[in-house]
Amino acid sequence: MRWLTLYARSRQVPASLAAVLISAVTVWALAPGGSEGAADPRLPVLVLATGAMAASIGLSGQDAELDRTAAIRWVPRRAAHVLLAGAIVGVVLLTVQTLGADMATAAFIVRDSAGLMGLAALGAAVAGSQYAWTLPFTWLAFSFFAPPATSAPMQVATWMVLPPGTAVGTWTALALGAAGTAAYAVLGPRR
């Protein structure tokens, strides 16, 4: 077997990919028809957050000691893992959108998948991969139930449901994506 196949199997990539696909298809099936779904950002954010939470499970291997003693450079592989997982989560939603209801723009999907995957990676670096899903879940729950964003701090807190052209939302997502990817790439998952 090649190392990429072993890496994907040890990181539970097939199960994570199945969870991402199932959640995207389920939300697509439940989405209202027509242009009603495009106005409400909560459905695509739910798909992206579910995908990031499913992908966060694979942010550590089965054996922490084996990861620590392996004779390969982990920093670029970890960074690539986070970036590829975020891209796959976004592409799955874009692909499902081609089947019917247009739920979000490509800019919205790219921004939110980058920020949510950065949150998951930050969660893995801080709490370990078994709890990496908690940061995206907590931020999603707050964003869903928070009052409308009128101030800059509230816009930062609800970045994932802001329209795609909002500078505060874009910069917050970029900062979370970069910080999470860097922390996870350098530190790895907490043991």
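Visitor: Where do we start, and how many helices and strands does the chain have?

Guide: This is a predicted model, and its chain has ten helices and zero strands. Read along the sequence, the pattern is α-α-α-α-α-α-α-α-α-α. Of the 191 residues, 43% count as buried. Among contacts with a separation of 6 or more, 72% are accounted for by residues 24 or more positions apart.

Visitor: Why are helix 2 and helix 4 called roughly antiparallel?

Guide: Helix 2 covers residues 13-30 and helix 4 covers residues 42-56, and their axes cross at roughly 165°. Angles over 145 degrees count as roughly antiparallel, so helix 2 and helix 4 get that label. Their axes come within 8 Å, and the crossing is right-handed.

Visitor: Which residues of helix 2 and helix 4 meet?

Guide: From helix 2 come Ser16, Ala19, Val20, Ser23, Ala24 and Val27, and they meet Leu43, Leu46, Val47, Thr50, Gly51, Ala54 and Ala55 of helix 4. Sorted by class, this contact has nine nonpolar, four polar and no charged residues.

Visitor: How do you know that the length of helix 7 agrees with its number of residues?

Guide: Helix 7 runs over residues 106-127, which is 22 residues. At 1.5 Å a residue, helix 7 should span 32 Å, and its end C-alpha atoms are 31 Å apart, so the two values agree. Just after helix 7, Gly128 takes a positive phi of about 95°.

Visitor: Why is Ala120 called buried?

Guide: Buried means under 20% relative accessible area. Ala120, which lies in helix 7, has a value of 0%, so Ala120 is buried. Not counting residues up to four places away in sequence, Ala120 touches Ala52, Ser56, Leu59, Ala132 and Pro136.

Visitor: What makes Thr105 partly exposed?

Guide: Thr105 sits in the loop between helix 6 (74-97) and helix 7. Its relative accessibility is 43%. Buried needs a value under 20% and exposed needs one over 50%, so Thr105, in between, counts as partly exposed. Thr105 and Pro44 are 61 residues apart in sequence, and their C-alpha atoms are 9.7 Å apart in space.

Visitor: How do you know whether Thr158 is buried or exposed?

Guide: The relative accessible area of Thr158 is 3%. That is under 20%, so Thr158 is buried. Thr158 is placed in the loop between helix 9 (152-157) and helix 10. Leaving aside neighbours within four places in sequence, Thr158 is in contact with Phe142, Ser143, Ala146 and Ala149.

Visitor: And Thr181, is it buried or exposed, and why?

Guide: With a relative accessible area of 12%, Thr181 is under the 20% limit, so Thr181 is buried. Thr181 is in helix 10 (residues 167-187). Beyond its neighbours within four places in sequence, Thr181 is in contact with Ala79, Val82, Leu83 and Ala121.

Visitor: Why does Gly188 count as buried?

Guide: Gly188 has 2% relative accessibility, which is under 20%, so Gly188 counts as buried. Gly188 is found in the segment after helix 10. Not counting residues up to four places away in sequence, Gly188 touches Arg78, Ala124, Ala125 and Ala183. Gly188 and Ala124 are 64 residues apart along the chain, and their C-alpha atoms are separated by 7.6 Å.

Conventions. Residues numbered from 1 in each chain as written. Predicted model: local features only at pLDDT ≥ 70, side-chain atom pairs only at ≥ 80, totals over all residues. Heavy atoms only, no water. Helix = DSSP H or I, 4+ residues; strand = E, 2+ residues; numbered from the N terminus. Expected span 1.5 Å × (residues − 1). Axes fitted to C-alpha atoms, helices over the stretch in contact; angles between N-to-C directions. Parallel < 35°, antiparallel > 145°, perpendicular 65-115°, else oblique. Left-handed = near helix turned anticlockwise from the far one by under 90°. Contact = heavy atoms within 4.5 Å. Nonpolar A, V, L, I, M, F, W, Y, C, P; charged D, E, K, R; others polar. Buried < 20%, exposed > 50% of the residue type's maximum accessible area, 1.4 Å probe, protein only.
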